[in-house]
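Here is a short report on one protein and its ligand. Look over the sequence and the model, then read on.

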Amino acid sequence: MAPSFHPRDRQLSVAFVCLGNICRSPMAEAVFRHKVKELGYSYYFKTIDSFGTTRWHTGESPDARTVQTCRKNGVPIEHQAQEISLKDFDRFDYILAMDETNLRDLRQMQPIYSDSIVELFGKWRSNSQFNKVVGDPYYGGISGFEYNFQQLGHFSEEFLLREVGTLD
Ligand code: 4NP
């Protein structure tokens with residue numbers, strides 16, 4: 001994938017999107033932000049946020065299993081669920097979907113004038129042992145959340161290496 005920085009303003013804005021914005025995408029946001037800090041890349045980011053494609057859980061805190069998984073792994077998490085809206089396609093350089101349904105919904109929604117890069121976050125994986133799709137863990141046990149956490153750490157590292165590592 002070609003490096004996609006914006007020459008005028010190298011600070012990037014990244015949004016993570018799932019269905020409800022209580023399980024996967026707030027975890028993605030928290031894991032990504034943690035990696036950005038660890039790597040000393042904070043300078044390169046303006047906004048890191050997450051959204052749902054629905055309003056089902058608007059205003060709610062992340063699912064207890066997402067919080068538990070992040071805490072266990074030393075990743076701070078704090079978020080209130082919000083639904084993505086058209087203006088977000090103006091604000092974010094990258095809008096990263098967890099699964100194919102999220103991706104399809106986002107692409108249907110994207111205004112013609114928006115040049116946001118709308119992709120599956122798993123597109124950045126380099127290790128095919130990880131599933132590209134961050135599967136919906138809502139109706140399963142904690143192991144689904146733990147697997148999501150590992151995937152999101154890998155995708156975050158690869159994204160940062162390939163999209164930001166090239167900015168120096
Ligand atoms: P998320 O998980 O999209 O990762 O936040 C879900 C949260 C809620 C529901 C489904 C998935 N739900 O059916 O309410």
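## Arg24 and its contacts

Arg24 touches Cys18, Leu19, Met98, Asp99, Asn102, Val134, Gly135, Asp136, Pro137, Asn148 and Leu152, leaving aside residues up to four places away in sequence. The model is predicted. Arg24 sits in helix α1, residues 24-38. It counts as buried because its relative accessible area is 3%, and buried means under 20%.

## Cys18

Cys18 belongs to strand β1, residues 12-18. At 2% relative accessibility, Cys18 is buried too. Beyond residues up to four places away in sequence, Cys18 touches Arg24, Ser25, Pro26, Phe51, Gly52, Thr53, Met98 and Asn102.

## What UniProt records

An unreviewed UniProt entry gives the annotation "active site" to Cys18, Arg24 and Asp136. These residues are spread over 119 residues of sequence, yet they cluster in space, with a largest C-alpha distance of 8.5 Å.

UniProt also lists residues 12-162 as "domain: Phosphotyrosine protein phosphatase I", again in an unreviewed entry. Over that stretch the chain is 39% helix and 15% strand. The end C-alpha atoms are 13 Å apart.

## Around the ligand

Which residues are around the ligand? They are Cys18, Leu19, Gly20, Asn21, Ile22, Cys23, Arg24, Trp56, His57, Asp136, Tyr138 and Tyr139. This shell divides into 7 nonpolar, 3 polar and 2 charged residues.

One lies 2.9 Å from a polar backbone atom of Cys23. In the side chain of Arg24, an N or O atom is 2.8 Å from a ligand oxygen. A polar side-chain atom of His57 is 2.8 Å from an oxygen atom of the ligand. The protein covers 92% of the 360 Å² of accessible area that the ligand has on its own.

Key:
Residues numbered from 1 in each chain as written. Predicted model: local features only at pLDDT ≥ 70, side-chain atom pairs only at ≥ 80, totals over all residues. Heavy atoms only, no water. Near = heavy atom within 4 Å. Polar contact = N/O pair within 3.5 Å; in protein donor to acceptor, adjacent residues only side chain to side chain. Areas by Shrake-Rupley, 256 points an atom, 1.4 Å probe, with all protein chains shown as cover. Nonpolar A, V, L, I, M, F, W, Y, C, P; charged D, E, K, R; others polar. UniProt positions renumbered as here; feature names shortened; annotations may be inferred. Helix = DSSP H or I, 4+ residues; strand = E, 2+ residues; numbered from the N terminus. Buried < 20%, exposed > 50% of the residue type's maximum accessible area, 1.4 Å probe, protein only. Contact = heavy atoms within 4.5 Å.
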